[in-house]
Each structure stands twice: as C-alpha cells, then as structure tokens.
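Please keep the sequence and the model side by side as you read.

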Amino acid sequence: MKRRLLAGALAAAMALSMTACGSGGGSSADQKGGSSGEKTKMTLILRGGTYAEALKASLPDFEAEHNVSIEVQELSFDDLHTGIALDATNPDGSYDLCMVDGSWMAEFTENDVLANLSEMGYSFDDDIIEATTSICKVGDDIYLAPFFGNVTVMMYNKELIKAAGYEPEDITTFDDLMDIAKKTHDAGKTGFLIRGGSADNIVSDFIPHLLVHGGWVVDDSNKPTVNTPEFKAAMQEYLDLYALGDTMDKDDIVAAIDGGNAALGQAWPGWYVPTADSKASYTVIPTKLNDSDTPKNTSMYGVWCIGIPNNAPHKDLALELLEYVMSPEVQLKSIDVGGVPCRESCLMNADVLKTYPQYETVCSALKTGVYRPVIAEWTQFTTILGTEMDNIIQGTKTIDKGLADAQTQLEELMAG
C-alpha cells in the first residue's frame, strides 16, 4: 500500500515529467571533478520564491571553492513534490539536493526517496531550534535538515489595529482577533483575510484555529478526527471571521494588509519580511480562545527542509553543500535576502533585530510550533479535507454535512 501512494502521485503527473526532472545524473568523471579539471555539474530542485532565493544567494562561493556549476530548478509546491517523486523512480537520479515540505516526510522515507544523513555523518548542533528538527528524523536517524523556518504568524496593519484600540502585545486571544475584525469591518474596511486557492492552502490556514479549540485532524492512531465538536466549533469561528473579511491568495493578503485595506490575516514569514518602519508586521498567533482559556500551541510549521535524494549523482558533494548552507554564517547572511533560519543565534542576533524586530516573534513561534501529521497519505488527506472545507466556506454544504462527508472519505483513505 505504501508504494502505491508514491506511484499514484506519479501517475497523476506524468505530463510534468519532462519538465520537472533535471539534466540527468552526472558521469563518474563529474563525480570526481573530471580528469581535466572541468567543473562538476550539480542540480538542485527547490521550492520557488523566497525559499529558493535564500539558498541560491549562497551558491556562488560554494561553486568557486569546489569547482562546480550548480543548476537550480524552482518549482511550485505541487510540482516540486511530483518532480522529486518522479525522479526517485530512476536508478540514477538527476538531483543532488532537494527541498522538502515536512508533510511529505512519511511518504518519502517510506519509499526510500531520501538518503539517511546520519549514516553519511551529518548531525544537528545545539543552535538549531530543537522543535523544528522533529519532522526531520525517523527514530534517531536524520533524513532532512530544517533550512527555512516557515511558521504561521498573525499579520496585522499597525494603524488599523490601533484604530480598533489595540497594540500588538494586546492581541492574546481569538476573541481579540474577532473584536479587531468586527471594528475594522464596521469602519468600512476588511477585518480578516483567509487564504484560498487550493485544498492545501485552506487546511493550512485553518489548522491554528483548530488547535486553539483543542482539536486535531487525526488521533494517536492516525484515525481521522474531523467530524468532532472541536472541529465544528473551530469551523464556525473561522466562518464568523470570514464574514468580516474575504478570501485571497498570499500576495493579495500581503498587499491588502500592508496597504491599509485589511486589518488581519494569517501569514508566513516566507511571504513577507517587514522592517521596523513597515505599515504591516506580525505577532505570534494567539494561544487562547479567551482570557479564561488555557494556552495551547497554535503556530503551525511549514518549515522547508533540505535533503539528499537516495539516487543523487554526487552524494559526497551534496553533503558538503548541505552542511555549508546550514552553517550559522551562511544562514545569517540569508536573512538579507528574506531567509528565515531555524537557528536561534541568527534570529536573535542584535543587529538583525534592529532592522527586523519581528524575527523575535518568529523565533518564539518556531520554539512552540506544531507539525502536520507525519502520515504518508497527507497529500490525499488534505485534498479531501480542503475540498470539503471549501464546500462549507462557499455555502454549498453545512458544517455538519461537509465534515461528515470528509470524515467518511478520510476513514476510507486511511483504511486503504
């Protein structure tokens, strides 16, 4: 059954195979640098956007020092997943380093897509935020390194929350979010923005709301827990906020809040890095429903990790590159191009905080975040759940009907 998961993803995207894969595995001469000293050609497959830019900025120095030429392929979320999965079926791979979302970890390790980094000699140092590494291991064996510390935060417009009677430090409960959203809406602007565009976007945007209500998507045995009182209460609260706002894609969310047209919206540091004088900034997502509630971990990880494919053409060089881009010095420099290290020394660097004070917020969120379930079926799981949630948001199904339908389909998926 586990192998069918990967095969299913491949069959659904064969049209992508010619463009998602790289220029082919290196020859033995490439692996050794070439008998005449020619440059070794390496290929990286990365998540497009800020995530890739943060890594690419460090490559010229590595290329010069190691006499290599590095090609970088930048793909969307879905295309990256497919590109890595497709290439994993080849005896000789095309990619030396890959960027991996944590939600793919179970699928990739169960299907031997990733090299065991521990066996290659890699280990974590104490500066890397420990909580971010939990998704990177199977038992004590490391398969991934946390490169880009994406984690959900609450983005806000400084003037609009002030007009609602709040300072950032006052936003401690979801009741506060509702109050700000309502006051902003009543004043003729958008109170709260939610993210649409795909099933994965919808589920990811919703999970902090679910966590604060004490719910989750699966139980300890990975059985779906969607048709529950906690999930229904979170869904209703989400709809109530949506009624005071709108749904947009990520670029429009940033533009609306930074431009003063919307007060609040969930965001990721990979979308937007405010400076001290920006009109928008962000704070940790509230951990309580109201003042009498018990605090919970509500920030969700979207950490982009890096790993080495099992069939990588230049494994030794790839390990050197992975260690290089994960070093404190390179990670600190990545902040200048929008990088978000998972290193406390980088995020809490005094010079960094003078320009980017919100990195203290990011550091706090990264220490208490929650990863999505480590299940091989997660890609199909989110498609089912996000589709039914969208039906509820669009009003084509009631909360009870949509969640009951999702529960039935998810139970069938997990039983398969």
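On a 1 Å grid over the protein atoms alone, a cavity is a set of points where a 1.4 Å probe fits but cannot get out, while a pocket is an open set with protein on both sides within 12 Å along at least five of seven lines; lining residues have an atom within 4 Å of a point. Grid points are joined across faces, edges and corners, and a volume is the space filled by probe spheres set on the points. Please bear in mind that this is a predicted model, in which local features need pLDDT of at least 70 and side-chain atom pairs count only at pLDDT 80 or more, whereas totals for chains, interfaces and linings use all residues. Residues are numbered from 1 along each chain as its sequence is written, and side-chain values use heavy atoms, with hydrogens and water left out.

By class, the lining of the second largest cavity has two nonpolar, four polar and two charged residues. Here Ala, Val, Leu, Ile, Met, Phe, Trp, Tyr, Cys and Pro count as nonpolar, Asp, Glu, Lys and Arg as charged, and the others, Gly among them, as polar.

The largest cavity holds about 40 Å³ of space. Around it you will find Ile 84, Asp 87, Ala 88, Tyr 95, Val 113, Pro 309 and Asn 311. Five residues of this lining are nonpolar, one is polar and one is charged.

Now turn to the open spaces. The largest pocket has a volume of about 500 Å³. Its lining is made of 29 residues, and those nearest the centre of the pocket are Arg 47, Phe 77, Arg 195, Asp 200 and Asn 201. Two or more residues of the lining come from each of helix H4 (50-56), helix H6 (77-88), H10 and helix H18 (378-393). Sorted by class, the pocket lining has eight nonpolar, 14 polar and seven charged residues.

What about the packed interior? In soluble globular proteins, nonpolar side chains tend to be buried together. In this model the largest nonpolar core has 132 residues, and Leu 321 and Leu 385 have the most contacts inside it. Such a core is a set of buried Ala, Val, Leu, Ile, Met, Phe, Trp, Tyr and Cys residues joined through side-chain atoms within 4.5 Å. Buried means under 20% relative accessible area, exposed over 50%, and partly exposed in between (1.4 Å probe, protein chains only). Not counting residues up to four places away in sequence, Leu 321 touches Met 42, Leu 44, Leu 59, Phe 62, Ile 70 and Leu 97, where contact means heavy atoms within 4.5 Å.

Asn 116 sits in the loop between helix H7 (105-110) and strand E4 (137-138). Why is Asn 116 classed as buried? The label applies because its relative accessible area is 10%. The side chain of Asn 116 reaches the backbone nitrogen of Glu 119 at 3.1 Å. A polar contact of 3.5 Å also joins the side chains of Asn 116 and Tyr 143; the term stands for a pair of N or O atoms within 3.5 Å, where, within protein, one must be able to donate a hydrogen and the other to accept it, and residues adjacent in sequence count only if both atoms are side-chain atoms.

Asp 405, in helix H19 (residues 399-415), is likewise buried, with a relative accessible area of 18%. Leaving aside neighbours within four places in sequence, Asp 405 is in contact with Glu 388 and Lys 397.

Finally, look at the backbone. Most residues other than glycine have a negative phi, and most peptide bonds are trans. Asp 112, although not a glycine, has a positive phi of about 60 degrees, and it lies in the loop between H7 and E4. Asn 222 also has a positive phi, of about 65 degrees, and is found in the loop between H10 and helix H11 (229-242).

Key. Helices (H or I, at least four residues) and strands (E, at least two) are DSSP runs, numbered from the N terminus.
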